[in-house]
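Please load the model in your viewer and keep a selection panel open.

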Amino acid sequence: MNSPTEQDLLKGARTYDLTSLGAIYDTYGPGIYRYAMRLLGDDCLAEDCVADTFERFLKALSFNQGPENHLQAYLYRIAHNWITDNYRRQPPLAYELDELILPSEQELPEEEVEKLIAMHQVRLALRTLTSDQRQVVVLRFIEGWENEEVGKALGKPIGAIKALQHRGLESLRRLLLQDEKESSHESQK
Amino acid sequence: MRKRVHMNPKNEIDPSLHKKLKSLQTIPTRAPSKAVEGRALFLKQAEETARGVTGTSKRRHIGWMQSIQSKLLFRRKEHSPMFSTFGTIMLIVALVFGGSGVTVAAAQNSMPDQLLYNLKLLSESTLLNLTSSPESQFNLALGFETRRADEILTIFGSGGVLSAEVVTRFQNQIDQAIRLALNLSDDQVPQAFEQLQTRLQTQQQSFIQVQANGSSTAEAAMIQTREMIQERLQILETGKNNYLQLRDQLQQQDQLNNRNQQNLSTPAGQGSQNAPGRGAGNPWTSGTPTPGSSYGPGSGTGDCVTCTPSGIGQGGNPYTTGTPTPGSGYGPGDQITPMPGGQGGRK
């Protein structure tokens, strides 16, 4: 039932039906925001990413272009390209703990900081991957997409997605787990 | 909205790594006000876009492109990025060719000893090759001849020494102008000769007035240049009344040159049978020819290669009164008895 609904939304979007466009924003906007936020770690940048993604979608419609189907994959691809461009434009952002650490009743401030550092490390490691590898890893293991859906987003066959995933994970494993292994070896000695 | 079949990704990833990646799943919630603002902005943009490109005007603007695309081209997913690439390519092309244009323009004022001079000659040659009408070609050649003369005057005027190369280039330019004048229609040739003659006379006067830097090399170069111009003036004077003969001579010379080139490319042992004294005669020079240099007495068939031709061979040079040298074809003509080898002699 998913596909026809998406088709209906797309059909409405092509005629600039505001209800359809609003529904598209409501359906995919939050997910794209989360995706951007996870990779960028900055809410302002994530908002910019969402705004630009939907603006580009409108522009494509005005040229009678845009997707025939797989709208979600299309929007995520735009967002991913935006994020990749952003990576190229500017270095990783520095921590601003006072803004990021929100008062929590469940966790201690030091636990919060530790979590933030871990997230930052993962983001830095993801930046070292190629654009395609990064997209595959994030969509598969953070967003929880299936290979087929990831393939649609990247416009690649499943075999290629698996290869990208393998190489991406291998790089991440080296970057993120190597230190832990070394430190555990040292503690054993 | 989207039907998602969750497969356990843990089977494909190291659990420790998966745990680290999962840390990114926890993110601060999006501020609801920003979400509402974003949505409103998006819908406003959509409204503006819809107003700017109505269905009718959209079809009017891009309908023809789509119809062509649907028939001939593949469908592009994105439009703007392609335009961006195309724009970049066009910009590069414009800069490259624009830059070349500026360089060529700058080269037009260069002198023979300067770096851009060869570019100047190349641009002249290209311009001449691109011109198809004989009148335009002649006018261009006339202009280029004047340029060469001005260059020589500038060199003389600045106290420089004229190299043989510069003189030869000037000479070739005059010869080219004469040849192109002969390509004109019969009624235009005398007029063109007159034009070139007037120009050469003016240049000759300028060369006489200008003072060389006093060195013997400079003096020799100046004398050589004046003599060369004088020869051309004589050719033009005679050619005005008898340009058909001059045209024939040039054609014969061209044929002979072509034949010589072919012979040069003949394998060893099958060398040229042409001996000195068989040439069509070079109408451009009064200098001493070297054997085999096509300065022969015209189309004579005699085998005597050492005897002095005295018959008025067809290919003989009618433009000089100087003493002929063996095989030069510069005989004074009008001999009653043709000598061996002078097939063209009057009977």
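Begin by selecting α3(A) together with helix α4 (residues 71-89) of chain A in this predicted model, where helices are DSSP runs (H or I, at least four residues) numbered from the N terminus. Their axes come within 9 Å and cross at roughly 125°, the axes being lines fitted to C-alpha atoms over the stretch in contact, with angles running from 0 to 180 degrees between N-to-C directions. α3(A) and α4(A) are therefore oblique to each other, since angles under 35 degrees count as roughly parallel, over 145 as roughly antiparallel, 65 to 115 as roughly perpendicular and the rest as oblique. Show side chains next: among those in contact (heavy atoms within 4.5 Å), Phe54(A) and Phe57(A) lie on the α3(A) side, and Tyr74(A) and Trp82(A) on the α4(A) side. The residues of this contact of α3(A) with α4(A) comprise 12 nonpolar, 2 polar and 3 charged, where Ala, Val, Leu, Ile, Met, Phe, Trp, Tyr, Cys and Pro count as nonpolar, Asp, Glu, Lys and Arg as charged, and the others, Gly among them, as polar.

The contact of α2(A) with α3(A) divides into 17 nonpolar, 2 polar and 2 charged residues.

Now display chain B, where 45 residues are in contact with 58 residues of chain A. About 4,800 Å² is buried between the two chains, and carbon and sulfur atoms give 60% of that area; buried area is the accessible area (1.4 Å probe) that two parts lose on being put together, summed over both. On the chain A side, select Tyr25(A), Gln65(A) and Phe141(A), which lose the most area to chain B, together 13% of what that side buries.

Which residue of chain B meets Glu47(A) in a salt bridge? Arg30(B) does, at 2.8 Å, N to O, a salt bridge being a side-chain nitrogen of Lys or Arg within 4 Å of a carboxyl oxygen of Asp or Glu.

Finish at Arg38(A) and Glu143(A), whose side chains form a salt bridge at 2.5 Å, N to O. Arg38(A) belongs to helix α2 of chain A and Glu143(A) to the loop between α7 (131-142) and α8 (147-154), 105 residues apart.

Residues are numbered from 1 along each chain as its sequence is written, and chains are lettered from A and ligands numbered from 1 in the order in which they are written. Local features need pLDDT of at least 70 and side-chain atom pairs count only at pLDDT 80 or more, whereas totals for chains, interfaces and linings use all residues, and side-chain values use heavy atoms, with hydrogens and water left out.

How values were computed. Helices (H or I, at least four residues) and strands (E, at least two) are DSSP runs, numbered from the N terminus.
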